[in-house]
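Please look over the sequence and the model first.

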Amino acid sequence: MKYKITFFFVFILMQSYAQNPVTDSLQQQFSRFTQNTFTEKVYLHTDRNFYIAGEILWFKAYITDGILNAPADLSKVAYVDVIDISNKVFLQTKIALKSGKGNGSLYLPANMPSGKYKIRTYTNWMKNADAAFYFEKAFTVVNAQSTAGLVVAGTTPEYDIQFFPEGGNLVKNVESKVAFRMTDKNGKGVQAFTGIVLNQNRDTIAVFNPSRFGIGYFNFTPADTRLYKAYITTPSGRTIVKDLPAAMEEGYTMKLRKADQGQVEVTVHSRNTGNTASAVYLFIHTRGLVKNVQTKVLQNSSAHFIIAEDILGDGISHFTVFNNLRQPVCERLYFKNPLNRLVIHAKTNVPGYGMRKKVNVDVNSADSHNESIPANMSLAVYRLDSLQTSEQSDIFSYLWLSADLKGTVESPSWYFSGSDSTAEAMDNLMLTHGWRRFAWTAIQQNRLPTYKFLPEYTGHIITGKITDSATRKPLTDVIVYLSVPGDRTQFYASSSDANGNIRFYTREAYGPGEVILQPEGFSVSSYNIDINTPFQDQFSTKPLAALQLSAGLKNAIEQNSINAQVQRKFLADQLRIYNLPQTDSIAFYGRPDEKYLLDDYTRFTTMEEVLREYVSGVLVGRAKGKFHLNVIDVVNNRLFKDNPLVLLDGVPVHDMDRIMSYDPLKIRKLELVKRRYYYGPLVVDGILNFTTYKGNLPEFEVDSRAVILDYEGMQWQREFYSPLYETEAQAASRLPDFRNLLYWCPDVITGKDGRAALTFFTGDVKGKYIGVIEGMSAGGKAGSSTFGFEVKGSDQ
């Protein structure tokens, strides 16, 4: 009878937990938090991973939704940094994004020191997260003219080994899986080592060695809470001693395994945690999307969960265990192999070519069922030699694996190679890496995330601060103008907040130039205006290896260096051709009420004559010896009392006498707005916008009180030089063609039939070449592919 009562009690308890509001509360809190935490991922396809100083690095950025891994159209600007081994920023640029894609280039200066560098990419919105989640890729630069940056290999290797109990905890007398990862000082996994675990009596408790990339696991049951020690014998014979994580006297453990019939089993064990019949909760989500929440009652200190793998999202899922107090006590990552891969087929028409011959490449994009789908991709074709190393990552492995793990994933594309050992290696990887974009404490306390950086969904945002130059205190509620002089009106206004912060939402701001800042009407007499850098000054802790070159690479380096120098010498002009972006020429106020092209009218010698004779919407007057302009309010059929906003090449002119004294023969166009206009914090009684022929304020001195700063907008797109040898005369050109990078195309776009055709020409350098193409479909299917061919003699 006793056992029947116990069973009945447990059954009733389990029924009550099935409808317990705890799980609903957890799910609601989690969903509320993640709904306010939109994330972006960036992947950068670079043309190569080895460069000679003086070459151009080409790249294409793909921006995706952090949850769905589909193209994201939130941010319109991406930031690209080149960083050296000491986290010193060497180069920086901004590129425009459209529909989640953008491309650009970076000239690697001829005096750039040899070394390993990282190129990293992020958006303004991503700056709200840890820099560890930015895209980073290592590449090599060699300056054959200098030994700067080259290092001698160290004689004593440095190693780091870490242990990761499954679920996070070791508990006394409970068996657990303990994963480990051993890396060298460059973050690379150490393969050939052995380890043993000894107890306090120096008895061997476990023996372990790695299976792949220095990662593996062993099973371990701690008999007490005293520290156990691991003794690791390195490849060089050195012994490293490391403490295992201490076991707890009481607590929770979890075990996860993939069972048969497409199921995942999770076992939770509790030791001395109070009520043996208390509940535990299993909460599963995939990149912020809740997939499953279950409740179980501990029976004999254990609870067993079965989850159908089909309900999990592709990629990495989080399995979190909560105790009866709703405290997270264990967590585990699990990987489900994505099936929505973009399958790319690319091949040349023949396997070999002569020099200066046409190469035809057919590209086909399809889904995993071989159904053709359109895709947007990028292609790099370069010569294979001892310097160019094979790519260890691609867009697919990065988006589905590397981007969602903390720390460095070595050779991520290998995990998708289909090898028999990849499944176990992937699970070991899940045990030794962690993805932490949020903390459960913040979720359960209903603390919504706060964001310092806004998404640049319309264009680049320029931020700064205005302070009193004498007291250094912020100036509040001051309207500040920002202008970019040019024939296209770029004028913006911002009102400073309580901390003096100002923010300008620019539109299609490209190229290098100057920005001019001034407070409205110079309403404050003593001020400083500082503009913030839009680039991130925080860095990840991912290690970057020092450059070590073997003597056997000397000939290849010299040949590549000669090729690069020849290209710079003979084709300098072709390497500096830019495709200027098509920008909206309409000013911020839209279509004007009146527009005058001054060449269509009598050319008067004074601005007063121009305005009086044929600009009907403006009345010119004088008061106390100063010019005053009144715009006719077309809405209310009256004159505005105050001066309008007057712009000259986008720069506001406060003193009407200065604009009236300007030479009208330099003015090409005048646009007039005859109504009260609201522009952000600014309210103006009409607008007069003068544009000169040159767009650079010719012979006009900007007010000395204005702040003029050099500022670079989004970069112009450099055009990749790919010579044509269609005719005999072109093929017979005496200009040398020593391209190390044979071809770069950032926009390989297939149609509904999934097909595209590309053509380019070989150069004067023989050898084997590889084409690397990668990209994604509009629905988020990502993939990559390679093809090869050989360039032989000119008679081929």
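Which side chains meet D737 in a salt bridge? The side chain of R739 does, at 2.7 Å from N to O; a salt bridge here is a side-chain nitrogen of Lys or Arg within 4 Å of a carboxyl oxygen of Asp or Glu. The model is predicted, so local features need pLDDT of at least 70 and side-chain atom pairs pLDDT 80 or more, while totals for chains, interfaces and linings use all residues. Residues are numbered from 1 along each chain as its sequence is written, and side-chain values use heavy atoms, without hydrogens and water.

**Salt bridges**
- The count comes to 36 salt bridges.
- D737 is buried at 2% relative accessible area, and R739 is buried at 4% (buried: under 20%; exposed: over 50%; partly exposed: in between; 1.4 Å probe, protein chains only).
- R676 pairs with D685 at 2.8 Å, N to O; R676 is partly exposed at 39%, whereas D685 is buried at 10%.
- A network of salt bridges links D47, R48 and E55.

**Cavities**
- The whole structure holds four cavities of 30 Å³ or more (a cavity is a set of points on a 1 Å grid over the protein atoms alone where a 1.4 Å probe fits but cannot get out; lining residues have an atom within 4 Å of a point; points are joined across faces, edges and corners, and a volume is the space filled by probe spheres set on them).
- The largest cavity has a volume of about 240 Å³.
- Among its 16 lining residues, E55, I56, W58, Q567 and L575 are the closest to the centre.
- The second largest cavity holds about 70 Å³, and its lining includes R181, F213 and H433.

Conventions
On a 1 Å grid over the protein atoms alone, a cavity is a set of points where a 1.4 Å probe fits but cannot get out, and a pocket is an open set with protein on both sides within 12 Å along at least five of seven lines; lining residues have an atom within 4 Å of a point.
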